[in-house]
Amino acid sequence: MTSPREWWRRAAAAAKDKGSLCMTRMASVRHHHQCPRRGGREVDATVIRATSHDERSVDYKSAGRVYAWARAAPTSFLDPLMWSLAHRAARTHSWAVALKSLLLAHGLLLCSEDAPPSARLGRLPFDLSDFRDRSSSSGFSAFIRAYFRFLDHRSLFSAHNKPVKDATLTTSPAAKPGDEEDTESDADLAELERLQTLLDLLLQVRPYADGMGVGLVLEAMDCVMIEILEVYSSICNGVAHFLVDILGHDSSKPVHNRRSEARRRRGEIGMRVLRRASAQSSQLSAYLDLCRTLGVISPAEIAAVQSIPDEDIANLEQLLLGGVPKEEQEEKELGRAESRSGTVITERWVVFDEEVEGHSGNPILSQRPERSRPSSSWVPTEDNGRAGVPLWNTNLTELI
């Protein structure tokens, strides 16, 4: 049964939305013969309805109109819609209005990625990094701040780089014989590190208090889960391309000193990325367990995240930065020595009763086998498997 206090809160929220709609109509009449505004009356009213104070539900009809306008005429509607949304979000102290504004902004950013370059949105024109709703639990405010930090960083990523869903990393071009220029670029690794930063921000969007398993929060978690799967898939593809690129060269051929230093520098950056990816895989596993507990995803939807063993990372680092691992080098030396005819290697003294003609002593002790340099070639295999297929079943994600 709803308490009188809860009824009063709902009535006050509905009155606020009605007042905002009235102010929008009055402002449209006042500015009818003045300079054009960024958003018209219909745009502002639709944004207000889609970001109402109702904490129990979302006006999917109004949200669908916003996304339909953004897809049909991105050049004409994307900028007015975002500015109208920014005006709404900057003035609110309600967690429901702020969260709905972020959900709409998230959808507009996705629509912007498919728009022409001239119509794409830049950084979010509002700031919720210090948002606080003192009338509700502090967990809702923390959730909104974390969600805003991700969207703000994502808007910068999309403005200066290609869209996240198209951020596939390719191998660097191989150097031609005799080319003294450094043709390898670290731009793909820099982009990979930015994707890892984006994933860190995504993993922070989570409930921070009890009682946050409401429909609006779960709706936002579902949108975040789709982003996590796309970003993590791009990271896995980037790591695979890096390993093929850095280890696919023939190490037996002589390499110019300058190019050797560039490959070593690239190997150091790549190992830093690889260690961070290994740590993020453990964090992602814990995040998926939380989403299964909350009911955001079902246990059978997404497979378990596979982590890279620390021993394999250490061997790979030794291979890239310090040559062949010590254990492998000793095994190769022992195998080469044993394959030489007439030569036996042992750790025990061997006593011979008979003497060889013209020589009195142990012939093995008088001859030392030559030590040949071991081969340090290793061709990795690339795993083309995807990190996971994003599955969802919410209305907002279907509207975008």
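User: Which side chains meet in a salt bridge at 2.9 Å, N to O, with Asp130, and how is such a pair defined?

Analyst: A salt bridge is a side-chain nitrogen of Lys or Arg within 4 Å of a carboxyl oxygen of Asp or Glu. Here the side chain of Arg132 pairs with that of Asp130, at 2.9 Å from N to O. The model is predicted: local features need pLDDT of at least 70, side-chain atom pairs count only at pLDDT 80 or more, and totals for chains, interfaces and linings use all residues. Residues are numbered from 1 along each chain as its sequence is written, and side-chain values use heavy atoms, leaving out hydrogens and water.

User: Is Asp130 buried or exposed?

Analyst: Buried means under 20% relative accessible area, exposed over 50%, and partly exposed in between (1.4 Å probe, protein chains only). Asp130 is exposed at 59%, while Arg132 is partly exposed at 40%.

User: With which residue does Arg123 form a salt bridge?

Analyst: Its partner is Asp152, with the closest N and O atoms 2.9 Å apart. Arg123 lies in the loop between α5 (95–113) and α6 (138–160) and Asp152 in helix α6, so the pair ties together parts 29 residues apart in sequence. Helices are DSSP runs (H or I, at least four residues), numbered from the N terminus. Arg123 is exposed, with a relative accessible area of 52%, whereas Asp152 is buried at 12%.

User: How many disulfides does a search of the whole structure find?

Analyst: A disulfide is a pair of cysteine sulfur atoms within 2.5 Å. The search finds 0. Cys236 is partly exposed at 29% relative accessible area, and Cys291 is buried at 0%.

Terms used. Helix = DSSP H or I, 4+ residues; strand = E, 2+ residues; numbered from the N terminus.
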